[in-house]
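Hi,

Here is the structure I promised to send over. Have a look at it first, and then read my notes below.

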Amino acid sequence: TAPVITINGPQGRTANKDTKFEMTVVEANGLSSVQCRLTPVETNFKDCTSLKADYTELTSGPYKFDVKATDRAGNVAEKSQSFTIDTTVPTVTLTK
């Protein structure tokens with residue numbers, strides 16, 4: 001059976017340019033690897049066996065955080081979470 005992945009991090013729309021992700025991976029037979037990436041910032045997966053990933057000073061736009069976990073039997077699970085950073089200051093117009 002493939003691992004079960006849970007991602008805790010930004011979802012939907014946020015104004016925060018600094019993001020943190022924490023992952024939980026449940027696997028009874030032990031994990032071989034946990035990898036993650038934030039697109040479009042990273043094109044390749046990186047080691048995420050710490051089950052944490054932090055990013056700072058991201059620009060406005062859409063992002064997708066991908067996690068891939070492989071157990072010792074070779075079963076692979078993948079999970080993604082999308083969000084958008086919007087740092088646009090709203091315009092206010094007052095009328096009489």
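**Glycine 9 and its surroundings**

Leaving aside residues up to four places away in sequence, glycine 9 touches Lys20, Phe21 and Gln81. Keep in mind that this is a predicted model. Glycine 9 sits in the loop between β1 and β2 (12–14). Is it buried, partly exposed or exposed? Its relative accessibility is 21%, so glycine 9 counts as partly exposed, given that buried means under 20%. From glycine 9 to valine 76 there are 67 residues in sequence and 22 Å in space, C-alpha to C-alpha.

**The sheet**

β1, β3 and β6 make an open three-stranded sheet in the order β1-β3-β6, with antiparallel pairing. At its edges are β1 (4–8) and β6 (52–55), each of which pairs on one side only. From one strand to the next, the twist averages 15 degrees. Four bridges link β3 (residues 19–26) to β6 in the antiparallel sense. As for β6, its aspartate 54 has lysine 20 standing opposite.

**The core**

The largest nonpolar core has 19 residues, and those touching the most other members are Ile5, Cys36, Leu38, Tyr55, Phe65 and Val67. At least two residues of this core come from each of β1, β3, β4 (31–39), β6, β7 (61–71) and β8 (76–85). β7 gives the largest share, four residues. Cysteine 36 is worth a click: its contacts, not counting residues up to four places away in sequence, include Met23, Phe45, Cys48, Ala53, Phe65 and Val67. Also touching cysteine 36 are Asn44, Lys46 and Asp66.

Cheers

Definitions and conventions:
Residues numbered from 1 in each chain as written. Predicted model: local features only at pLDDT ≥ 70, side-chain atom pairs only at ≥ 80, totals over all residues. Heavy atoms only, no water. Pairing = 2+ DSSP bridges. Axes fitted to C-alpha atoms, helices over the stretch in contact; angles between N-to-C directions. Core = buried A, V, L, I, M, F, W, Y, C linked by side-chain atoms within 4.5 Å. Buried < 20%, exposed > 50% of the residue type's maximum accessible area, 1.4 Å probe, protein only. Contact = heavy atoms within 4.5 Å.
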